[in-house]
Amino acid sequence: MLSVPLVLICLLLGAVLPSAGFAQDDPAKTDSDAFFSGTVMEIAADHVTVSRTILGKPAERRTFKITEQTKVEGKLKAKSRVTVRYAATDEGDVALSILVRERDQKSELRKR
């Protein structure tokens with residue numbers, strides 16, 4: 001049976017060093033990665049503009065640079081819902097990946 005001071009030491013070490021020795025380095029993810037979800041407003045060869053509206057706040061519009069390294073999952077087109085993983089750089093926000101969220105068939109049927 002562990003003594004009370006030993007249990008307290010273990011708890012303190014767990015609070016101070018929660019991920020010591022267990023951190024996994026993901027080379028595709030950096031500390032400056034961020035996400036932005038919304039609707040595509042404009043598409044060009046070198047950038048995409050996405051707009052989102054949050055209840056009680058004004059609409060927010062962001063433009064992301066598209067590079068050769070940008071991964072696009074799905075068919076990117078105007079008015080499609082997307083989630084952009086991006087990194088903020090000196091030149092602006094650069095899209096690392098764009099995930100296009102497809103509409104389900106049930107929502108398509110409701111619109112008819």
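# Close-up views of a predicted model

Of the protein's 112 residues, 22% count as buried. The model shown in these views is predicted.

View 1. The protein has 2 helices and 6 strands. Read from the N terminus, the order of these elements is α-β-β-β-β-β-β-α. Among contacts with a separation of 6 or more, 50% are between residues 24 or more positions apart. The protein exposes about 8,900 Å², and 58% of this area comes from carbon and sulfur atoms.

**View 2. Strand 5 and its pairing with strand 1 and strand 6.** Strand 1 pairs with strand 5 over 7 bridges, in the antiparallel sense. Within this pairing, Ser37 has Thr83 of strand 5 as its bridge partner. Strand 5 is also joined to strand 6 by 9 bridges, and these two strands run antiparallel. Here Val84 has Ile98 of strand 6 as its bridge partner.

**View 3. The largest nonpolar core.** This core is made up of 11 residues: Phe36, Val40, Val48, Val50, Phe64, Val82, Val84, Tyr86, Ala95, Ile98 and Val100. At least two core residues come from each of strand 1 (33-43), strand 2 (47-52), strand 5 (81-89) and strand 6 (92-101). Val100, one of the core residues, is in contact with Glu73, Gly74, Lys75, Leu76, Ser80, Arg81 and Val82, leaving aside neighbours within four places in sequence.

View 4. A search of the whole structure finds 2 aromatic pairs. In one of them, the ring centres of Phe36 and Phe64 are 5.8 Å apart and the planes meet at 55°, so the pair is tilted. This pair links distant parts of the chain, since Phe36 is in strand 1 and Phe64 is in strand 3, 28 residues apart. Phe36 and Phe64 are both buried. Phe64 also forms a tilted pair with Tyr86, with 5.0 Å from centre to centre and 50° between the planes. Phe64 lies in strand 3 and Tyr86 in strand 5, so this pair ties together parts 22 residues apart in sequence. Like Phe64, Tyr86 is buried. Phe36, Phe64 and Tyr86 form one aromatic cluster.

**View 5. Thr70 in the loop between strand 3 and strand 4.** Thr70 is found in the loop that connects strand 3 (60-65) and strand 4 (71-73). Thr70 counts as buried because its relative accessibility is 11%, where the limit is under 20%. A polar atom of the Thr70 side chain lies 3.0 Å from the backbone nitrogen of Thr67. The Thr70 side chain also reaches the backbone oxygen of Ala95, at 2.6 Å. Beyond its neighbours within four places in sequence, Thr70 is in contact with Lys65, Ala95, Leu96, Ser97 and Ile98.

**View 6. Glu60 in strand 3.** Glu60 lies in strand 3. Its relative accessibility is 28%, so Glu60 counts as partly exposed. Not counting residues up to four places away in sequence, Glu60 touches Phe36, Val50, Ser51 and Arg52. Glu60 and Gly38 are 22 residues apart in sequence, and their C-alpha atoms are 9.2 Å apart in space.

Notes: Residues are numbered from 1 along each chain as its sequence is written. This is a predicted model: local features need pLDDT of at least 70, side-chain atom pairs count only at pLDDT 80 or more; totals for chains, interfaces and linings use all residues. Side-chain values use heavy atoms; hydrogens and water are left out. A nonpolar core is a set of buried Ala, Val, Leu, Ile, Met, Phe, Trp, Tyr and Cys residues joined through side-chain atoms within 4.5 Å. Buried means under 20% relative accessible area, exposed over 50%, partly exposed in between (1.4 Å probe, protein chains only). Helices (H or I, at least four residues) and strands (E, at least two) are DSSP runs, numbered from the N terminus. Contact means heavy atoms within 4.5 Å. A polar contact is a pair of N or O atoms within 3.5 Å; within protein, one must be able to donate a hydrogen and the other to accept it, and residues adjacent in sequence count only if both atoms are side-chain atoms. Accessible areas come from the Shrake-Rupley method with a 1.4 Å probe; for residues, only the protein chains shown count as cover. Two strands pair if DSSP finds at least two bridges between them. Rings of Phe, Tyr and Trp (its six-membered ring) pair if their centres lie within 6.5 Å; planes under 30 degrees apart count as stacked, over 60 as edge-to-face and the rest as tilted.
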